[in-house]
Amino acid sequence: MKVLDLPLTKNLHIQVTKHGPYLLEMVHHPHLLNHLETIHGSASYALAEISSGYFLNTEFRDIADQTIPILRESRVKYRLAGEGNLYSKVVLVGMTDEEVRKKLLARKKIILTLQVRLYNEENKIVLSAEFDWFITLST
């Protein structure tokens, strides 16, 4: 299933962005706010995690339908209160796309780390995270 089609993604107003180098954005909505009138921490975390899954779907679109990705571990640091729209960037850590494909096709499984950063409308980092994914290749 594509992550952008999930009900949670839609309820959080997460979509592909048209803004610069970013991957996804979470459009500001009153139901995403906490008691301080800033973006709730769990909504920010969801954008980061969904962005990492979307990255896997798009970066490896040629084999995505043959894989079963399971989030194994995450490390998150909240840096600023989220206000307005939030935007994500995702980077593969420690491997190239080609190395991932080669190892996955040879071993039928792999653990990889994705670094995610969320930015506010002023391009300041709101959240930084790493997500470790365990991915198996179905046969």
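Two strands are taken to pair if DSSP finds at least two bridges between them. Helices (H or I, at least four residues) and strands (E, at least two) are themselves DSSP runs, numbered from the N terminus. The model examined here is predicted, with local features needing pLDDT of at least 70 and side-chain atom pairs counting only at pLDDT 80 or more, while totals for chains, interfaces and linings use all residues. Residues are numbered from 1 along each chain as its sequence is written, and side-chain values use heavy atoms, with hydrogens and water left out.

Strands β2 and β4 run antiparallel and are joined by 2 bridges. Within this pairing, M26 stands opposite L86 of β4. M26 belongs to strand β2 and, at 1% relative accessibility, counts as buried; buried here means under 20% relative accessible area, exposed means over 50%, and partly exposed lies in between (1.4 Å probe, protein chains only). Between the C-alpha atoms of M26 and I135 there are 26 Å in space, and the two residues are 109 apart in sequence.

Strand β4 (residues 86-93) also pairs with strand β5 (residues 109-119), in the antiparallel sense and over 7 bridges. Here Y87 has Y119 of β5 as its bridge partner. Strand β5 is in turn joined by 11 bridges to strand β6 (residues 125-137), and these two strands run antiparallel. The C-alpha atoms of A129 and Y78 are separated by 8.6 Å, although the residues are 51 apart along the chain.

Positive phi values deserve a friendly word of context. Most residues other than glycine have a negative phi, and most peptide bonds are trans. H13, a residue other than glycine, has a positive phi near 60°. This residue is found in the loop between α1 (7-11) and β1 (14-16), and its relative accessibility of 28% makes H13 partly exposed. K108 is likewise a residue other than glycine with a positive phi, in this case near 70°. K108 sits in the loop between α3 and β5 and counts as partly exposed because its relative accessibility is 37%.

On a 1 Å grid over the protein atoms alone, a cavity is a set of points where a 1.4 Å probe fits but cannot get out, and its lining residues have an atom within 4 Å of a point. Grid points are joined across faces, edges and corners, and a volume is the space filled by probe spheres set on the points. The structure holds 1 cavity of 30 Å³ or more, and about 100 Å³ of space lies in the largest cavity. Its lining includes L56, N57, F60, V100, L104 and I135. At least two lining residues come from each of α2, β3 (67-78) and α3 (97-107). By class, the lining has 9 nonpolar, 2 polar and no charged residues, where Ala, Val, Leu, Ile, Met, Phe, Trp, Tyr, Cys and Pro count as nonpolar, Asp, Glu, Lys and Arg as charged, and the others, Gly among them, as polar.

A64 and T67 also belong to this lining. T67 lies in strand β3 and is buried at 17% relative accessibility. A polar atom of the T67 side chain lies 2.9 Å from the backbone oxygen of A64. Elsewhere, N34 is placed in the loop between β2 (24-26) and α2 and is buried, with a relative accessible area of 18%. A polar atom of the N34 side chain lies 2.8 Å from the backbone nitrogen of L36.

Technical notes: 1 Å grid on protein atoms, 1.4 Å probe; cavity = no way out; pocket = protein on both sides within 12 Å on 5 of 7 lines; lining within 4 Å. Polar contact = N/O pair within 3.5 Å; in protein donor to acceptor, adjacent residues only side chain to side chain.
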